[in-house]
Amino acid sequence: MDNVKKPDSIENLLNTGSEAMERREYDTAVSCYEKAAEMGSSTALARLGDIYNEGFARKRDTDKAFAYYKKSADAGNADGMYGLGLCYAGAYGVEADGEK
């Protein structure tokens, strides 16, 4: 029984979110990533940043994307750091800053 994944484990939520993205079921993906983020997943925060930065499921919102990337980066997540760097370079949700 130890090998059985819990339905609402972070791993399952991330996997379900990724599968939903592949099927273009963006609302489902957002729901899964939001739950995983609430459980402490920095990966989920980065993926939410991607969703808002690209405009999947929602209107593109670079302010929200920046906020999700920042939280993810602050937690040490490489994808969050990359997304945050893109925001600073392109002035998405923040003023452009080549130093950051």
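These legends go with several close-up views of a predicted model.

In this predicted model, local features need pLDDT of at least 70 and side-chain atom pairs count only at pLDDT 80 or more, while totals for chains, interfaces and linings use all residues. Residues are numbered from 1 along each chain as its sequence is written, and side-chain values use heavy atoms, with hydrogens and water left out.

**View 1**
Helices (H or I, at least four residues) and strands (E, at least two) are DSSP runs, numbered from the N terminus. Along the sequence the pattern reads α-α-α-α-α. The protein has 100 residues, and 34% of them count as buried. Buried means under 20% relative accessible area, exposed means over 50%, and partly exposed lies in between (1.4 Å probe, protein chains only). Now take the contacts with a separation of 6 or more: residues 24 or more positions apart account for 35% of them. Contact means heavy atoms within 4.5 Å.

**View 1. The largest nonpolar core has 22 residues.**
Such a core is a set of buried Ala, Val, Leu, Ile, Met, Phe, Trp, Tyr and Cys residues joined through side-chain atoms within 4.5 Å. Tyr33, Ala44, Leu48 and Leu84 have the most contacts inside this core. Helix 1, helix 2, helix 3, helix 4 and helix 5 each give two or more residues to it. Helix 2 provides the largest share, six residues. Look closely at Tyr33. Beyond residues up to four places away in sequence, Tyr33 touches Leu13, Leu14, Gly17, Ser18, Met21, Ala44, Arg47, Leu48 and Ile51.

**View 2. Helix 3 covers residues 42-54.**
Its 13 residues should span 18 Å at 1.5 Å a residue, and its end C-alpha atoms are 18 Å apart, which agrees. The expected span is 1.5 Å times one less than the number of residues. Buried residues of helix 3 include Ala44, Leu48, Ile51 and Tyr52. Their cover includes helix 1 (10-22), helix 2 (26-38), helix 4 (62-74) and helix 5 (78-90).

**View 3. Ser41 caps the N-terminal end of helix 3.**
Ser41 sits in the loop between helix 2 and helix 3. It counts as buried because its relative accessible area is 5%. Its side chain reaches two backbone nitrogens: that of Thr43 at 3.4 Å and that of Ala44 at 3.0 Å. A polar contact is a pair of N or O atoms within 3.5 Å; within protein, one must be able to donate a hydrogen and the other to accept it, and residues adjacent in sequence count only if both atoms are side-chain atoms. Leaving aside neighbours within four places in sequence, Ser41 also contacts Ile10, Leu14 and Ala36.

**View 4. Glu54 is in helix 3.**
Glu54 is exposed, at 52% relative accessible area. Its C-alpha atom is 8.8 Å from that of Ala65, eleven residues apart along the chain. Just after helix 3, Gly55 takes a positive phi of about 85°.

**View 5. Cys32 and Cys87 are buried.**
Cys32 has a relative accessible area of 9%. Cys87 has 0%. A search of the whole structure finds zero disulfides, meaning pairs of cysteine sulfur atoms within 2.5 Å.
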